[in-house]
Amino acid sequence: MVKTDKKDTTEEKILTAAKNVFLRKGMAGARMQDIADEAGINKALLHYYFRNKEKLFDVIFKESSMLFFPRITGIIESDNSLYEKIEAFCAAYIELLLQNPYLPLFVLNEVNKQPQRFKQKFWKNREQIFTMFADNILSEIQNKKIKSVNPAHLIMNMISMCIFPFIAKPLWMMTTGMSDSAFKAFAEERKKIIPQLIIESIKK
């Protein structure tokens, strides 16, 4: 029988609990005691692993970004057509948010509080990904394959259409009576709907 590393098990339990608490209460509203209670451990043990909730955020965000950014970079650097890249980009983005629905508010909170810290710690040179994508769009315009469009607007439209439903999820579910399972199905549909809308808007 393979023995489970107790340290790894406790740390994973804490990270799972932190995600749940952050999702319910937001970054600002979450307390370390809430996370300890959710994980079923005492607060002293929680502080042994993570000094504060900012440290927890750092680990959770890095974990998610390590999965997301290499995938997005691969999509943008591929030899696929622009339309295929748009489809893959939206699908990957929405999948990330389905798996980590707390991320948009986490990131907005962190950027608004400490923009320089966020840039230095998490963003680094990732703007190059979007510069590469913008160059791809400009190339398609010059080759008369798509309508003339500001690449910044196109990229912003894609990202905002993917993210907004997750930011507005509590209000949307309260207003419409949509269940959590129905929301997930709704988000899955948007993996196809958003690229269709974007592509139709730039087709010549």
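Predicted model: local features only at pLDDT ≥ 70, side-chain atom pairs only at ≥ 80, totals over all residues.
Residues are numbered from 1 along each chain as its sequence is written. Local features need pLDDT of at least 70, side-chain atom pairs count only at pLDDT 80 or more, totals for chains, interfaces and linings use all residues, and side-chain values use heavy atoms, with hydrogens and water left out.

Q: Is Tyr49 buried or exposed?
A: Buried means under 20% relative accessible area, exposed over 50%, partly exposed in between (1.4 Å probe, protein chains only). The relative accessibility of Tyr49 is 19%, so Tyr49 counts as buried.

Q: How are the rings of Tyr48 and Tyr49 arranged?
A: Rings of Phe, Tyr and Trp (its six-membered ring) pair if their centres lie within 6.5 Å; planes under 30 degrees apart are stacked, over 60 edge-to-face and the rest tilted. Tyr48 and Tyr49 lie 5.3 Å centre to centre, with 90° between the planes, and the pair is edge-to-face.

Q: Why does Trp172 count as partly exposed?
A: Trp172 forms a stacked aromatic pair with Phe186, at 6.1 Å centre to centre and 20° between the planes. Trp172 counts as partly exposed because its relative accessibility is 39%.

Q: Which aromatic cluster do Phe166 and Trp172 form with other residues?
A: Phe166 is also one of the residues nearest the centre of the second largest pocket. The one cluster consists of Phe166, Trp172, Phe183 and Phe186.

Q: How many residues of the lining of the second largest pocket are charged?
A: The lining has 14 residues. Of these, 10 are nonpolar (Ala, Val, Leu, Ile, Met, Phe, Trp, Tyr, Cys and Pro) and 1 is polar (the others, Gly among them). The charged ones (Asp, Glu, Lys and Arg) number 3.

Methods. 1 Å grid on protein atoms, 1.4 Å probe; cavity = no way out; pocket = protein on both sides within 12 Å on 5 of 7 lines; lining within 4 Å.
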